[in-house]
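Subject: Structure handover

Hello,

Here is the structure I promised to pass on. Please open it first; my notes follow below.

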Amino acid sequence: MRKEARKSEIRRWLVAMGLSLCALVGGRAQDAATLLGEAAAAYERSNGLSAKFSIHNFSPAQNVGESFEGTIQMRGEKFVLSTPDVTTWFDGTTQWSYVGRVEEVNVTTPTGDDLRMTNPMILLNDYQKGFSATLKGESTGPNGKSVYDIELTPKTRGSDLKCVELRIEKFKKLPAAIVVELTNGTRTSVQIDAIQTGLNQPDPFFTFPKAEYPDAEIIDLR
């Protein structure tokens, strides 16, 4: 179960990072700091969003790749993330991770460090403290549209994260893709396929719906 939970944490971090730093960038931004600042403000104004994504991960050390698709819904600091292996709910305080293969739900109260890995608002508001942002130029995104290329590099030495490459559509200012590279050479590419805003999901939406999973074993790790 720990292996599944670890994979879930990595995936939540990658998705939250990609959507949070890219999501709904608006305005007349021409530099990385402005783009990311507008992303934070736009996310706060989005009133709940849903996104479909596809991910490809490759580890050169193990010569192993993995691809999968999923969805995430977010409002403020709350989210529901669905991947083929795990579905996770976070209501702002408590986190539930359901692994369908074994019908288990891990219940946790994320620490500050955990939230920095999974909480979109923390990443948006604190990126300047942890990363240096550079607008690298323009290119063509996976959807064939022109994009801005932004690179984030960690300010802290010894981080497992080497860099994050963000690709934002030039005209619509919507996220196109993100590439996360670790110091061991592992690269994870996240392509944002579709985003819908203004959903205003109610608070119970972000809480584990126990009645829908009557056979699930609940493991309280708090």
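**Aromatic cluster**

Trp89, Tyr98, Phe208 and Tyr213 are joined into a cluster by ring pairs. Keep in mind that this is a predicted model. The aromatic pairs number six by the rule used.

One of them is Trp89 with Tyr213. The ring centres are 5.9 Å apart and the planes stand at 75°. That angle makes the pair edge-to-face, because the cut-off for this class is over 60 degrees.

The pair bridges distant parts of the chain. Trp89 sits in strand β4, residues 86-90. Tyr213 sits in the loop between β11 (187-197) and β12 (217-220). The two residues are 124 residues apart.

Are the two partners buried or exposed? Trp89 has a relative accessible area of 5%, so it counts as buried. Tyr213 comes out at 22% and is therefore partly exposed; buried would need under 20%.

Tyr213 also pairs with Phe208. Here the centres are 5.4 Å apart and the planes meet at 25°, so this pair is stacked. Phe208 is buried, at 9% relative accessible area.

**Nonpolar cores**

Which residues touch the most other members of the largest nonpolar core? They are Phe53, Ile72, Val164 and Leu166, in a core of 26 residues.

A second core is separate and has nine residues. Its members include Tyr98, Phe206, Phe208 and Ala216. Tyr98 and Phe208 also belong to the ring cluster described above.

**Serine 132**

Ser132 lies in strand β7, which covers residues 131-140. Its relative accessibility is 32%, so Ser132 is partly exposed. What does Ser132 contact, leaving aside its neighbours within four places in sequence? The contacts are Glu151, Leu152, Thr153 and Lys155.

One distance to check on your side is from Ser132 to Ala33. Their C-alpha atoms are separated by 9.1 Å, and the two residues are 99 residues apart along the chain.

Best wishes

Note on methods: Residues numbered from 1 in each chain as written. Predicted model: local features only at pLDDT ≥ 70, side-chain atom pairs only at ≥ 80, totals over all residues. Heavy atoms only, no water. Phe/Tyr/Trp six-rings, centres within 6.5 Å; stacked < 30°, edge-to-face > 60°. Helix = DSSP H or I, 4+ residues; strand = E, 2+ residues; numbered from the N terminus. Buried < 20%, exposed > 50% of the residue type's maximum accessible area, 1.4 Å probe, protein only. Core = buried A, V, L, I, M, F, W, Y, C linked by side-chain atoms within 4.5 Å. Contact = heavy atoms within 4.5 Å.
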